[in-house]
Amino acid sequence: MNASKSPRDFVSKHIAELPKSGIRAFFDLVTQMDDVISLGVGEPDFTTPWTIRESGIYSIERGRTSYTSNLGTPALRKAICEYVSRNYGVDYDSRSQCIVTVGVSEAVDLVIRAITEPGDEIIYSEPCYVSYPAEIKMAHGVPVPVTTIKENRFALDPKDVEAKITPRTKAILINFPCNPTGAVMDRSRLEQLAQIAIKHDLLVLSDEIYSELTYDGEHVSIASLPGMKERTIFLHGFSKAFAMTGWRVGYACGPQNVIDAMMKIHQYAIMCAPTMAQAAALEALKRGGNEMAKMRESYRARRDFFVRKLNEADLPCHLPNGAFYAFCEVSHTGLSEEEFAQRLLKEQHVAIVPGTAFGPGGAGFCRCSYATGMSELAEAAKRIKAFVSSLKN
């Protein structure tokens, strides 16, 4: 008998060419070590507040374990639209302009797939959340980064965005407050960006998952600006502000035709977000505000402490106005961002993320999450300072 032939490679080319997440690849190393203080994963160290957990438990105990509407439960969608109206100044119809998703990550993926034709370009700021360029490529679109710089505190410059617009540009994807830089966009910059979107007839995808974690000044949603509701998809969720990462509940609000297109993909791929998680999310919107405010003030104190310690350790870092990340400069140490992070992990057992995990625009920087306890932050700061000092000897 002839030996059977090896099967051909069945993986599609555009998926095979995608890089794996730089964050996850780096943290494979962390799992092999003991006594590591992790400032890497962007996850609150708080447990989901009890009343929210209890609502999820109660849903299970009452036997509410079947499918919901593809769009999400009517009660949750109504509460979401009331919350968005009250806090962001944009009114949506909960029956047709809101969809509940499996985390905001699914919402971002859905809208990119719903709007993108092969070859369409989507502009986004960089450094950015690791999923954005990959999701654009998976939809056969073309990711077009606009690099933000430390001199602007990593805010997006609207002029730089307009310079990247071509006849193939379909949308602008923004994430402020930003992961990984903690940058925010003030009203003036957002108004300029809105005028560019209107002028060039572009859609804006606005991921505002960290919006409640704004420490200084107001958070403005671009969807609330004149002429923008009809050309903005408002993307949000419960993971960060309510410490609900594992519940996986997010949502999108926007024009009915785009939400309907997103629902088609969601319907065939996912069906609906988990029923008990939706019950917990409803409780978060109804009665989670006080706990959320307490967590935000804790993050503020941690931010002030840790950013000061980074600067004292000769790692220049701007004071981020949102999210829970410090984006410190390491290029002057003589090490690349990857070398710095790897040696810090190996020599001092502190895990941070190289800035290039968030795109080439992150070269020379590292991201440190301060969403961990103050005692761990204090010890991490000591170890980081000792490591930087050792590089000078």
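Q: Which residues does Thr169 touch, not counting residues up to four places away in sequence?
A: Contact means that heavy atoms lie within 4.5 Å. With residues up to four places away in sequence left out, Thr169 touches Glu121, Ile123, Lys164 and Leu202. This is a predicted model, in which local features need pLDDT of at least 70 and side-chain atom pairs count only at pLDDT 80 or more, while totals for chains, interfaces and linings use all residues. Residues are numbered from 1 along each chain as its sequence is written, and side-chain values use heavy atoms, with hydrogens and water left out.

Q: In which strand does Thr169 lie, and is Thr169 buried or exposed?
A: Helices (H or I, at least four residues) and strands (E, at least two) are DSSP runs, numbered from the N terminus. Thr169 belongs to strand β5, which covers residues 169–175. Buried means under 20% relative accessible area, exposed over 50%, and partly exposed in between (1.4 Å probe, protein chains only). Thr169 counts as buried because its relative accessibility is 10%.

Q: At what angle do helix α12 and helix α13 pack?
A: Two packed helices are described by the angle between their axes and the distance between the axes. The axes are lines fitted to C-alpha atoms, for helices over the stretch in contact, and angles run from 0 to 180 degrees between N-to-C directions. Helix α12 (residues 337–348) and helix α13 (residues 374–392) pack at about 110°, and their axes are 10 Å apart. This makes α12 roughly perpendicular to α13, where under 35 degrees is roughly parallel, over 145 roughly antiparallel, 65 to 115 roughly perpendicular and the rest oblique.

Q: Which residues of α12 and α13 meet?
A: On the α12 side they are Phe340, Arg343, Leu344, Glu347 and Gln348; on the α13 side, Arg383, Ile384, Ala386, Phe387, Val388, Ser390 and Leu391. The residues of this contact divide into 7 nonpolar, 2 polar and 3 charged. Here Ala, Val, Leu, Ile, Met, Phe, Trp, Tyr, Cys and Pro count as nonpolar, Asp, Glu, Lys and Arg as charged, and the others, Gly among them, as polar.

Q: How do the axes of helix α3 and helix α10 cross?
A: The axes of α3 (residues 50–61) and α10 (residues 275–287) come within 8 Å and cross at roughly 145°. Thr51, Ile52, Ser55, Gly56, Ser59 and Ile60 of α3 make the contact with Thr275, Met276, Ala279, Ala280, Glu283 and Ala284 of α10. By class, this contact has 6 nonpolar, 5 polar and 1 charged residues.

Q: What is the peptide bond from Glu126 to Pro127, cis or trans?
A: The bond from Glu126 to Pro127 is cis, with omega near 5°, and Pro127 is placed in the loop between β3 (121–126) and α6 (131–138). A cis peptide bond also joins Phe176 and Pro177, with omega about -5°; Pro177 is in the loop between β5 and α8 (187–199).
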